[in-house]
Amino acid sequence: MQLVSVRVITNDVARLTEFYEQVTGQEARRPAPQFAELVGPSCTLAIGSAETMALFSAGAAVPESNRTAIIEFLVEDVDQEYERLAGVVAEIVQKPTTMPWGNRSLLFRDPDGNLVNLFTPVTDEARRRVTPTAS
């Protein structure tokens with residue numbers, strides 16, 4: 001089994017997609033007005049409209065109500081990203097901080113209130129976790 005995508009459900013696909021384009025510097029694919037995706041080397045961040053949930057099970061996902069998941073991006077330099085995103089991110093939850101497990105992390109909310117973590121491994125052990133050696 002392979003994790004390939006995380007999907008966020010929103011009431012405003014265009015707004016949330018534009019936000020993540022600014023954060024990641026990537027252009028999203030938009031195969032339909034109700035759906036967009038930012039394809040990364042290890043996983044895709046998909047953004048779907050609330051109306052798409054009717055295709056699955058109405059009410060199964062409720063936009064702007066996440067309080068448990070964190071969308072995480074590995075970046076080269078968290079402190080540089082913090083400076084770059086100053087005018088993009090409205091709510092910083094935690095300024096760049098070195099965590100006990102060796103990552104330097106910046107935590108903020110996207111326009112729908114979802115938590116986003118940009119992190120850079122700063123210890124040898126943390127770097128090994130994100131760049132495992134071939135077996």
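Q: Which residue does Glu-91 form a salt bridge with?
A: Glu-91 forms a salt bridge with Arg-109, with 3.5 Å between the closest N and O atoms. A salt bridge here is a side-chain nitrogen of Lys or Arg within 4 Å of a carboxyl oxygen of Asp or Glu.

Q: Where do the two sit in the chain?
A: Glu-91 is in strand β6 and Arg-109 in strand β7 (residues 103–109), 18 residues apart, and the pair links distant parts of the chain. Helices (H or I, at least four residues) and strands (E, at least two) are DSSP runs, numbered from the N terminus.

Q: Is Arg-109 buried or exposed?
A: Arg-109 counts as buried, at 18% relative accessibility. Glu-91 counts as partly exposed, at 40%. The cut-offs are under 20% relative accessible area for buried, over 50% for exposed and partly exposed in between (1.4 Å probe, protein chains only).

Q: What sort of model is this, before I go on?
A: This is a predicted model, where local features need pLDDT of at least 70, side-chain atom pairs count only at pLDDT 80 or more, and totals for chains, interfaces and linings use all residues. Residues are numbered from 1 along each chain as its sequence is written, and side-chain values use heavy atoms, leaving out hydrogens and water.

Q: How many salt bridges does the rule give?
A: The count is eight. Among them is Arg-127 with Asp-124, at 2.7 Å from N to O. Both of these residues lie in helix α3 (residues 124–130), three residues apart, about one turn of the helix.

Q: OK, the sheet. In what order do the strands run?
A: Four strands form an open sheet in the order β5-β8-β7-β6, with mixed pairing. Two strands pair if DSSP finds at least two bridges between them. The edge strands, β5 and β6 (91–98), each pair on one side only.

Q: In which sense do β5 and β8 pair?
A: β5 and β8 (residues 115–121) pair in the parallel sense over five bridges. Leu-74 has Phe-119 in β8 as its bridge partner.

Q: Switching to aromatics: how many pairs?
A: Three aromatic pairs. Phe-19 and Tyr-20 are edge-to-face because their ring centres are 5.3 Å apart and their planes at 85°. Rings of Phe, Tyr and Trp (its six-membered ring) pair if their centres lie within 6.5 Å; planes under 30 degrees apart are stacked, over 60 edge-to-face, the rest tilted.

Q: And which residues do the ring pairs link into a cluster?
A: Phe-19, Tyr-20, Phe-73 and Phe-108.
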